Number of protein chains: 2
Amino acid sequence: MNDAPAGTDAYGRLASRFARIATVREAAAVLDWDASTMMPAGGGAARGEQLAVLAGIAHAMLTEPQVADDLAAAEASPPAGAWEAENLRLMRHAHTRATALPADLVEALARASSDCEKIWRGARAASDFARVRGALAGLLRLVRESAAALGPALGLSPYDALMDDNQRGVTAAQAGAIFTAYEAFLRENLAEIEARQARRPAPVSPRGPFPIAAQEALAWKLAQRLGLEPEHTRLDRSVHPFCGGTHTDVRITSRYNEEEAATAMMSVLHETGHALYERGLPPAWARQPVGQAAGNAVHESQSLIMEMQACRSDAFLGYLGREMHAAFGGDAAPYEKANLARLLRRVERGHIRVDADEVTYPAHVILRFRLEQALLAGDLQVADLPGAWAEQTRALLGNEPPDGRRGCLQDIHWYSGAFGYFPSYSLGAMAAAQLMAAARRSLPDLDAALAEGDVSQLLAWLRREVHARASLFGMDALMQAATGKPLDPADFLAHLRTRYL
Amino acid sequence: MNDAPAGTDAYGRLASRFARIATVREAAAVLDWDASTMMPAGGGAARGEQLAVLAGIAHAMLTEPQVADDLAAAEASPPAGAWEAENLRLMRHAHTRATALPADLVEALARASSDCEKIWRGARAASDFARVRGALAGLLRLVRESAAALGPALGLSPYDALMDDNQRGVTAAQAGAIFTAYEAFLRENLAEIEARQARRPAPVSPRGPFPIAAQEALAWKLAQRLGLEPEHTRLDRSVHPFCGGTHTDVRITSRYNEEEAATAMMSVLHETGHALYERGLPPAWARQPVGQAAGNAVHESQSLIMEMQACRSDAFLGYLGREMHAAFGGDAAPYEKANLARLLRRVERGHIRVDADEVTYPAHVILRFRLEQALLAGDLQVADLPGAWAEQTRALLGNEPPDGRRGCLQDIHWYSGAFGYFPSYSLGAMAAAQLMAAARRSLPDLDAALAEGDVSQLLAWLRREVHARASLFGMDALMQAATGKPLDPADFLAHLRTRYL
């Protein structure tokens, strides 16, 4: 299957099995990408079945009785190497998660997610929550059933068991404390940030139209400038930008709007950060649990350190402005660094999470973090979600969504069964700031390089401190190794103060 | 999984299992398409593993001990319906094929095919057979091992066992007799066809360049004119045109050349014929053995009845010429029906099979049919293949390939493990002529419709007589049902006499 030992000892058998499982998941990842980028609509029903069957097969491979025997035998005489030992622990963890769920529940979840997601697309387009309410309630019941089975198996609360699947070892208590502190920061500083912003000149938007082919060409050039290799990556279009595919064949996507180009550029730089992480994972650990990315929060830290920390820095914006002006022509003034900074770092209390600036973004996450815990616990009924959403938004940002499309219908996550995912975004933002602060301490010339669009120093640092470690550590241990302390929002708050206050 | 009964009786269990297997194969089909159209080169090694693992999984699902028990039980009290009864027979047939091969041989074949194919690409580009000789010899050994295992299980010779996988029930003896007759036809008529052609005015080629985007747009328009539905199909580019994907998500490809557009148009019309067959298979039998296309020869009959019979008819060429002139502009004369007919029905003793006209095409197939039998039997060594190729070409067409690229390196088939496939092309051409003759008997207005580019009458006839029957019949029985007689080359020879003599 790969370089993993295929020998007859228990650990070797497990390594071979996990490589096979990972290979099935790679197949599913390509099919997922295809569904969002290439597939004609009429293929949707069959694709849902294909993904459900592959998920069921991977689950069955992980839960065959032989695995429990091999795990016990391998644990009795563990492999000598440090990464192999951790790999074995992660195999046990994956096995515990998988055996906690019956195969029919796994397939039912995959199918219900795919169905609910389809209904959600129509509901969102029509801004009609009632249309998807039933499907979401049904899906939530299955998610709740999963969480209830996973929790005791992992020794976690049901919600923590879902969070664990997104970022191993991070709990609602830890995230909750960080978010409470952030809420206080916002209450204390948001008005002041807005007031300062109001005193500065309003940003000028570059004049379009920006032909989509030219945007895509520049985006691809920027992605390669950051370090993506064309022989291992693609850039395509999809309704929502994402990074998918496999380690040696990473697929990023973006969407384009003829009227405005900067958003697409930043979105591609974001996905490029994700893709560079996948490309930096150690090939020697490929298809083993320890060789995978460390979790969604760490993944998000890698996209955000590129997008928010490096590429929205004053230094990089100078380079970006020159490239954009060269690509799109027209008046040069809007592309000047200071104007681009005002444009691309504008703070606004908007309704849409994915459009949010880095200051208000965590408020969107906090809202979802609280609501999804309530939904899962049964304290909030699906029918009451729009009302609760409006109430929480008012409490956090002082406004309410004008409609469902800009409210609880905006994100795909819950409608595709992803609960416990949202905290990763903001924990990732905090980790990104913490990693950037550490990188800057050892890279004194970083800004000079960023001014030329050159992130290679930063990337080399990330490759060594984050990518090469893959899943060898959990979040806190990884941050400890890379930055000298566990995950700590202080660097993020310091970054916001420096940039906005 | 699908509409198949998922009940607890043996046949119901089998239907569920075969639907799952078909779903895994659908996943593989999309990955195959992706590898030829979208995948960056660096993803090739991982993709080979993904396909090998999926092939191994499908094989394992088919060979689990439970299947033998269920087959025996279902055969003891067979399902009542006619299609279910035939479905059960096809399940038994698939099981016999699969259990004849050990799982490790199946995966080794998939991996060796993928490796050899990769080496072949380089060898063909360099026109250097020596480079791929070793890989082909290794792959051939595995193919021979498979054929030796399959033959006794199916009660067939080893080569017939491979042919059976391409077109159930057709043997080398049947194909050999047809090909011997065709060789006689060629010996008798080819020189006369060439002499007549030489007395007619030489065709004039339309003047390019033909922008590729315009070619692709027209090709897609023509494909839709023939009946392809955009919500269930895509047209993309690949090095070699093919039809892939799944029944509800059919993916056709073509390649384009700025200097010449007609070849790409005909190639898309050919693949459209394949795609229309996939789209016409009965949804109620989806993912069941009986619901699949009847075999490669029948598949080829569906592409060729569109490309060669319908779209190269005088009537359709009038429509095609108008469309091409409208798309590409320039002088109208080369697009006139009579000139297009001379251009697109030109007979030439070329070296490349896929570029061959319909008269000499079977000679290319006969050559390969004979050589692959000799290779499989061990009567011909891989090292001696180029010499044998030259000798056979001289005997059949009176010339020799100037180099390997135009000789035994030209086709992917053997290098990807496909032996016993080639006869399907010419058996398909013969079936296409036979079907067209029958269709014309019941569609007196066909030419008037074709003159407007309208194949809907023909398609409706094919849907009823061929597509709707899927794998309910073998080749001869299908031809009997549709045309009143088993496969018979007489209609093809009559077609060639009418068109060329």
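Guide: In this predicted model, chain A has a mean pLDDT of 96, and 99% of its residues reach 70 or more, pLDDT being the predictor's confidence in each residue, from 0 to 100. Over residues 1–6 of chain A, however, pLDDT stays under 50, and for these residues the model has 18 contacts beyond four places in sequence, where two residues are in contact if their C-beta atoms, placed from the backbone, lie within 7 Å. For the complex, the predictor gives an ipTM of 0.94 and a pTM of 0.94. Residues are numbered from 1 along each chain as its sequence is written, while chains are lettered from A and ligands numbered from 1 in the order in which they are written. Because this is a predicted model, local features need pLDDT of at least 70 and side-chain atom pairs count only at pLDDT 80 or more, whereas totals for chains, interfaces and linings use all residues.

Chain A is divided into domain 1 (10–166) and domain 2 (212–346 + 449–485), with bounds that come from an automatic or database domain assignment. The centres of domain 1 of chain A and domain 2 of chain A, taken over C-alpha atoms, are separated by 27 Å, and 19 residues of domain 1 of chain A are in contact with 18 residues of domain 2 of chain A. On the side of domain 1 of chain A that touches domain 2 of chain A, at least two residues each are supplied by helix 1 (10–37) and helix 4 (82–99) of chain A, helices being DSSP runs (H or I, at least four residues) numbered from the N terminus. Helix 1 of chain A gives the most to this side, with 12 residues. By class, this side of domain 1 of chain A has 11 nonpolar, five polar and three charged residues, where Ala, Val, Leu, Ile, Met, Phe, Trp, Tyr, Cys and Pro count as nonpolar, Asp, Glu, Lys and Arg as charged, and the others, Gly among them, as polar.
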